[in-house]
2 protein chains.
Amino acid sequence: KVKFEKISPADFFYRNRDIAGFSNPSRSLYMSIREMVENSLDAAEIGKIPPSIIVELREIERVKGDVCIYRLKVEDNGIGVSAEHIPKAFATVFYGSKYGYKQYRGTFGLGGTMAFLYGQITTNKPATVISSTGGDKVHKFVLMIDIMKNEPRIFEHKVLKNENGWKGTSIEFYLEGDYTNSKAKIIDYFKHTAIANPHASIMFIDPRGRLYYYPRATKKVPEPPVESLPHPVGVDVETMSRLLATSKERTMLSFMVNSFQRVGEKSAKEVLKLAGIPGNKNPKKLKHDEVTALVNAIKKYGKFRAPDPSSISPIGEDLLEVGIRNMLNPEFLHVVQRPPSSYSGFPFMVEVGLAYGGDIPPSETIKLYRFANKIPLLYDERADVVWKVVNERIDWSTYKVPRTAPLAIITHICSPKIPYKTVGKEAVADRPEIERELLAAIREAARALKLYLSKIEKRTMAVKR
Amino acid sequence: KVKFEKISPADFFYRNRDIAGFSNPSRSLYMSIREMVENSLDAAEIGKIPPSIIVELREIERVKGDVCIYRLKVEDNGIGVSAEHIPKAFATVFYGSKYGYKQYRGTFGLGGTMAFLYGQITTNKPATVISSTGGDKVHKFVLMIDIMKNEPRIFEHKVLKNENGWKGTSIEFYLEGDYTNSKAKIIDYFKHTAIANPHASIMFIDPRGRLYYYPRATKKVPEPPVESLPHPVGVDVETMSRLLATSKERTMLSFMVNSFQRVGEKSAKEVLKLAGIPGNKNPKKLKHDEVTALVNAIKKYGKFRAPDPSSISPIGEDLLEVGIRNMLNPEFLHVVQRPPSSYSGFPFMVEVGLAYGGDIPPSETIKLYRFANKIPLLYDERADVVWKVVNERIDWSTYKVPRTAPLAIITHICSPKIPYKTVGKEAVADRPEIERELLAAIREAARALKLYLSKIEKRTMAVKR
Ligand SMILES: Nc1ncnc2c1ncn2[C@@H]1O[C@H](COP(=O)(O)OP(=O)(O)OP(=O)(O)O)[C@@H](O)[C@H]1O
Ligand SMILES: Nc1ncnc2c1ncn2[C@@H]1O[C@H](COP(=O)(O)OP(=O)(O)OP(=O)(O)O)[C@@H](O)[C@H]1O
Ligand SMILES: [Mg+2]
Ligand SMILES: [Mg+2]
């Protein structure tokens, strides 16, 4: 009467693909393209390579109304994927290389697989992945996902000679989509990606044969973020237990100093004293209750320096300004980069641009351009912390902004861990520290706007007289 | 340099617990309570038992500010869990009994495990589950979750004699929470649960020793929904492949008629003809391309009757009306139950109550009370399809509703599959069919309101003369 089942992660996201953002043909087409482009950008940046990405979407057949079967091809010049990892990377959910303490666009280990899964269930066609890590071989895989087992099913594996010393990844798969109703969002995605990634060259050939070309604005690749140790704040008993279990340190004192960032001998001694744990105790000998005591002592201690921001990679004020000017041609623009902050032990940084006038059309609602880890967020605006800050925590009339105004706000939040509200990465949760930083940055820009609007006002009065 | 990892589903939700709704101590406390209560309500309804649920939250120690360690106990009189399933049911993500084609509150197979996981990582204490399915034994388990393996770690398993023939489940675990900032939502959750579940008796003892008692309004348990076969509309190649692989039918004709609801011999023959598949072909012999052709033929056919609604369990107009009157004491109330409809092959039904005046305070924003499968949704209002329909698709001035008005709208959507936007079950996605049904229901109630407001207006004019 009651039938218990265990389902694989692939099966879970197959049954609940709304939750991953694959809710209808037009949104699924958008999601598939963005998951591929974000993987390609990550792959180039890891190798400090100026990204060159080509996306080609071709209509294969019409299904019903605006819904069609498409072939999606994405080629990049990133660091490639080695043969031993290709099948799982693209056909296993929760398999990836971006689980470390460093800023990437990817974070869950499921985006590429989700796109392939969606393509597979709507067309029953396998996907093709061709990649080289720059060696003398190029590997070609044709595969599908065994959804119930969350495993790859390899139909073909060819090993080819790498004649031209190519390095990169080329992907091709088929999927049901709706370009007519998705086009605006897809083009916006490319346009905004170009703003946040001025070192990237992106080419998009759409089903109507039109070429959209976003040439790179600079050859200078941003300094890649560096993997950090975890910060003690926000470490819970699970993470602490794992660190203790895998540590090579022989004493609790050296464990504390070497397992965390921002923990020197002095703070280590104080925390261990608070926890009642001897500094020379072997980490492997720590008992269950001592782990709890140690985590609680860290919570009480509260004197750790803020996290090291070298695991973050912001856009930068100058590049952000250039990008916004190119896109909006505003009369007024003020860009703010806040100093690094942190939430739950993760460093993060907020960058904001406030643009007014010029090509921005006047409106009763403030136009928001949101970014997280250099990814444009184009859906779920009302669920995002930025919407809350701009529309509920700031009274724009106090900055002389009229009810109908040509006002646009561009926000970028970057961190080794963005608190996304959903697997589809469309909205950022309103963590208090992030909300506070956004508020500070937007208020600073708003004060500059107020000065500008006052000057305009005075000039207009003077002209009238 | 590039390090690949595979992580378990428990590890994924441990690292990304924001995505499951466990984002801060007050929300996590709320989530833990609701996951337990929803499991208890499901367990009673499956057995057609009037639910009696006792929830006790006790403060164990203060951590910092309003954050405390609590002990949460939940006891119900449901059908219990058998011993062989208890460990995995509560300590394995994606393990559950609610994956069938029938309306339950639970759907993902992870809620109970998430609550235990959160408790475990914030307190390092194991959880206790005591249950009996009504036999002569009561089983007691003390367990924790091995997060990296997504498996139970059983610390203790006692088998006791069931002296009183008890049937039900009793759960106890510890967790970090913030009752001060979560109390309002928790009390609302119980109040609203009582409205959607008038046959349930719920008792809540809070950390301040206060008893909140919601006695049952009726002993009559709603007819439990019945498991259905899948409807052909919305079946993709993956589901079709699984049905073919597990079918005991010997011909494609009997496969079509017996694997789906609403498929008789006539439609089966027409669909198979469209797909170019002989009716007497053995389902196990269907080739890859024939599966695709069959799925496409179903898409083209379009003449299937709407899904059978016996897998749905609505609240009912009378009970909904009683519940709304008790809570809001409105002057005007109009309740609408729409006929069954469907999206992507899943039947669903919309029930709406529109209340005006009485104890409802006047406001510029319309107060929304949202329910899905009899669960109150208290977060993420702006991301919900109901918010979109009420605030963006209806012009209330055409129904004589003033800018500031004492107006509340209660909505219930029920289905074997609710298209939740998030794992935390707080907002429903705007599937076009659901949006259309909500619009129809709310407009009908709004027209009744307009009549009422016109009468009031005429009466007021008459009195003035
Ligand atoms: N174009 C590519 N070039 C190099 N490696 C890639 C590429 N695409 C995917 N990968 C590898 O495959 C892994 C899995 O990709 P996938 O998109 O499923 O997850 P992710 O990017 O790690 O996280 P997310 O789910 O957030 O996107 C990546 O971590 C990366 O190592
Ligand atoms: N109080 C209870 N009484 C009887 N069975 C229960 C109870 N609580 C949990 N279970 C069983 O444990 C399983 C897992 O519960 P869990 O909450 O993790 O998942 P779910 O309820 O199936 O789905 P969801 O994640 O949407 O809540 C349930 O499917 C149910 O069979
Ligand atoms: Mg990715
Ligand atoms: Mg549940």
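# Cavities, domains and a few residues

Mentor: Let's begin with the layout: chain A splits into domain 1 (9-214), domain 2 (237-301) and domain 3 (309-464), with bounds from an automatic or database domain assignment. This is a predicted model, where local features need pLDDT of at least 70, side-chain atom pairs count only at pLDDT 80 or more, and totals for chains, interfaces and linings use all residues. Residues are numbered from 1 along each chain as its sequence is written, chains are lettered from A and ligands numbered from 1 in the order written, and side-chain values use heavy atoms, leaving out hydrogens and water.

Trainee: Thanks! What separates the centres of domain 1 and domain 2 of chain A?

Mentor: Taken over C-alpha atoms, the separation between those two centres in chain A is 42 Å.

Trainee: Now the voids. How many cavities does a search of the whole structure find?

Mentor: Six, counting those of 30 Å³ or more. Rolling a probe the size of a water molecule over the atoms shows where empty space is left. A cavity here is a set of points, on a 1 Å grid over the protein atoms alone, where a 1.4 Å probe fits but cannot get out, and lining residues have an atom within 4 Å of a point. Grid points are joined across faces, edges and corners, and a volume is the space filled by probe spheres set on the points.

Trainee: What volume does the largest cavity have, and which residues lie nearest its centre?

Mentor: Its volume is about 550 Å³. The lining has 34 residues, with B:Asn39, B:Ala89, B:Phe90, B:Ser97 and B:Lys98 nearest the centre.

Trainee: Which element supplies the largest share of that lining?

Mentor: H2(B), with eight residues. Several elements of chain B supply at least two residues each, among them helix H2 (25-46), strand S3 (67-76) and helix H4 (111-123). Helices (H or I, at least four residues) and strands (E, at least two) are DSSP runs, numbered from the N terminus.

Trainee: And what is the lining like by class?

Mentor: The largest cavity has 16 nonpolar, twelve polar and six charged lining residues. In this scheme Ala, Val, Leu, Ile, Met, Phe, Trp, Tyr, Cys and Pro are nonpolar, Asp, Glu, Lys and Arg are charged, and the others, Gly among them, are polar.

Trainee: Where does the second largest cavity lie?

Mentor: Domain 1 (9-214) and domain 3 (312-464) of chain B both give residues to its lining, so this cavity lies between them. The second largest cavity has a volume of about 120 Å³, and its lining has four nonpolar, three polar and five charged residues. Among the lining residues are B:Asp42, B:Arg105, B:Pro224 and B:Asn373.

Trainee: Let's follow B:Asn373. Is it buried or exposed?

Mentor: B:Asn373 is buried, with a relative accessible area of 4%; buried means under 20%, exposed over 50% and partly exposed in between, using a 1.4 Å probe and protein chains only. B:Asn373 is found in the loop between strand S14 (367-372) and strand S15 (375-377) of chain B.

Trainee: What does B:Asn373 touch?

Mentor: Leaving out residues up to four places away in sequence, its contacts include B:Gln103, B:Tyr104, B:His412 and B:Ile418, where contact means heavy atoms within 4.5 Å. A polar atom of the B:Asn373 side chain also lies 2.9 Å from the backbone nitrogen of B:Ser415.

Trainee: New topic: where is B:Glu56?

Mentor: B:Glu56 sits in strand S2 (residues 52-64) of chain B and counts as buried at 16% relative accessibility. Its side chain makes a polar contact with the side chain of B:Arg58 (2.9 Å). A polar contact is a pair of N or O atoms within 3.5 Å; within protein, one must be able to donate a hydrogen and the other to accept it, and residues adjacent in sequence count only if both atoms are side-chain atoms.

Trainee: What about B:Phe204, how far is its C-alpha atom from that of B:Glu56?

Mentor: The separation is 5.8 Å, although B:Glu56 and B:Phe204 are 148 residues apart along the chain.

Trainee: Back to chain A. What phi does A:Ser344 have?

Mentor: A positive one, about 45 degrees, although A:Ser344 is not a glycine. A:Ser344 lies in the loop between strand S12 (341-343) and strand S13 (346-356) of chain A and is partly exposed at 34% relative accessibility.

Terms used: On a 1 Å grid over the protein atoms alone, a cavity is a set of points where a 1.4 Å probe fits but cannot get out, and a pocket is an open set with protein on both sides within 12 Å along at least five of seven lines; lining residues have an atom within 4 Å of a point.
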